[in-house]
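Please read the following report alongside the sequence and the coordinates, which are shown directly below.

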Amino acid sequence: DELGLDESVIMEALRGMLPREKEVSERGAVVQKKAIPLFQDDKVIGALAIVRDITDIRQKGRVIKIKEITLQEIHHRIKNNLQAVSSLLRMQARRARNEEAKEVLSKAINRISIIATVHDLLAKGKGEYVDFSHILKQVLEMMKDENKEVSFELRGRGFSIPADDMISLTLVITELVQNATEHAFIGRQEGKVLIDFHDDSQMAWVEVRDDGVGLPPGFGLHSGESLGFQIVRTLVEEELGGYIRIRSDRRGTSVKIYLPTFNESHREKKDKEEKKEINEKAQSSSSGR
Ligand SMILES: Nc1ncnc2c1ncn2[C@@H]1O[C@H](COP(=O)(O)OP(=O)(O)OP(=O)(O)O)[C@@H](O)[C@H]1O
Ligand SMILES: [Mg+2]
């Protein structure tokens, strides 16, 4: 017993002629006890007993579980908070006297609900990377305008991007899709919006293209004080580290967002190269002294 040998496991293995296993925790340690019967000519002649300290394995498992539960709890609270913000704004929108205030508030509510949706989808998924088109599809579903026949087409499947970037990227795309549905199909009942995504391990891009009336003459990314393009610009340039190109004529508008590649293996390679470079620099500067 000093060694942690457990006779009952051995006896059971001998009697049942089958391997037996038992996990016991004593004084903060977890020990796994195994007994395997040994045979000679169909007769049990003894048993092999294995005692293994698995405290570490079990503890690590518990830590991971606690982390998972905590994360889920945080997600849950963020979701509740976003809902609280939404309903506060909704209350204010109901009280607003003029139409402009109502509209501004309802746009804010829409933006928050998109963040909440993506957040919820991210919380359900596991891991650092998420399926871009899977999330975008569900967000686009929310954006359908009942008064217009606008079709959304999502190309570029099977891309996974870091969960960290997903909310920013979704907000950018939804602003652009919203613009297309709101401004591109003036005087028309139908229109097409295409969302295309590419990542070729050097660079990634997302394009939102419509076949609408085109941007107003003289309109630029920096002109006007409207919020939509400002959100797009800020998120792309400052959050995602990319840049924007707009093309527009009477046959429609295309907004293309260029981003650093999301390709995992390429990023790792680049990280390694950067580390190597830093190491080399450090070495050459220390040997130079
Ligand atoms: N796809 C498009 N087709 C035609 N015009 C567009 C398109 N996207 C934007 N515009 C024009 O550019 C202007 C600026 O867009 P922006 O998203 O910055 O503001 P908004 O949509 O008017 O307001 P907000 O986005 O803050 O609700 C729009 O008012 C519209 O005139
Ligand atoms: Mg807009």
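The report below treats the ligand site and then several individual residues.

## The ligand site

The structure is a predicted model, and the contacts described here should be read with that in mind. Ligand 1 sits in the largest pocket, where the shell around the ligand draws two or more residues from each of helix 3 (99-124), helix 5 (163-184) and helix 6 (227-239). Helix 5 gives the largest share of that shell, namely six residues. Altogether 18 residues surround ligand 1, and the closest are Lys107, Asn179, His183, Asp210 and Ser226. Sorted by class, the shell is made up of seven nonpolar, six polar and five charged residues.

As for the cover that the protein provides, ligand 1 taken alone exposes 600 Å², and the protein buries 84% of that.

## Buried residues

Threonine 261 belongs to the loop between strand 10 (252-260) and helix 7 (264-288). Is threonine 261 buried or exposed? Its relative accessible area is 3%, and because buried means under 20%, threonine 261 counts as buried. The side chain of threonine 261 also makes a polar contact of 2.6 Å with the side chain of aspartate 199.

Phenylalanine 197 has its place in strand 7 (residues 190-199), and with a relative accessibility of 1% this phenylalanine is likewise classed as buried. Between the C-alpha atoms of phenylalanine 197 and serine 160 there is a separation of 11 Å, while the two residues stand 37 residues apart along the chain.

## Loop residues with a positive phi

Most residues other than glycine have a negative phi.

Methionine 17, which is not a glycine, has a positive phi of about 55°. This methionine is found in the loop that runs between helix 1 (7-16) and strand 1 (20-26). With a relative accessible area of 40%, methionine 17 is partly exposed, because its value falls between the limits of 20% for buried and 50% for exposed residues.

Aspartate 41 is also not a glycine, and its phi is positive at about 50°. The residue lies in the loop between strand 2 (29-40) and strand 3 (43-53). At 73% relative accessibility aspartate 41 counts as exposed, since exposed means over 50%.

## An exposed loop residue

Glutamate 146 and glycine 252 are 106 residues apart in sequence, and the distance between them in space is 22 Å, taken from C-alpha to C-alpha.

Definitions and conventions:
Residues numbered from 1 in each chain as written. Chains lettered and ligands numbered in written order. Predicted model: local features only at pLDDT ≥ 70, side-chain atom pairs only at ≥ 80, totals over all residues. Heavy atoms only, no water. Near = heavy atom within 4 Å. Areas by Shrake-Rupley, 256 points an atom, 1.4 Å probe, with all protein chains shown as cover. 1 Å grid on protein atoms, 1.4 Å probe; cavity = no way out; pocket = protein on both sides within 12 Å on 5 of 7 lines; lining within 4 Å. Sits in = over half its atoms within 2 Å of the grid points. Helix = DSSP H or I, 4+ residues; strand = E, 2+ residues; numbered from the N terminus. Nonpolar A, V, L, I, M, F, W, Y, C, P; charged D, E, K, R; others polar. Buried < 20%, exposed > 50% of the residue type's maximum accessible area, 1.4 Å probe, protein only. Polar contact = N/O pair within 3.5 Å; in protein donor to acceptor, adjacent residues only side chain to side chain.
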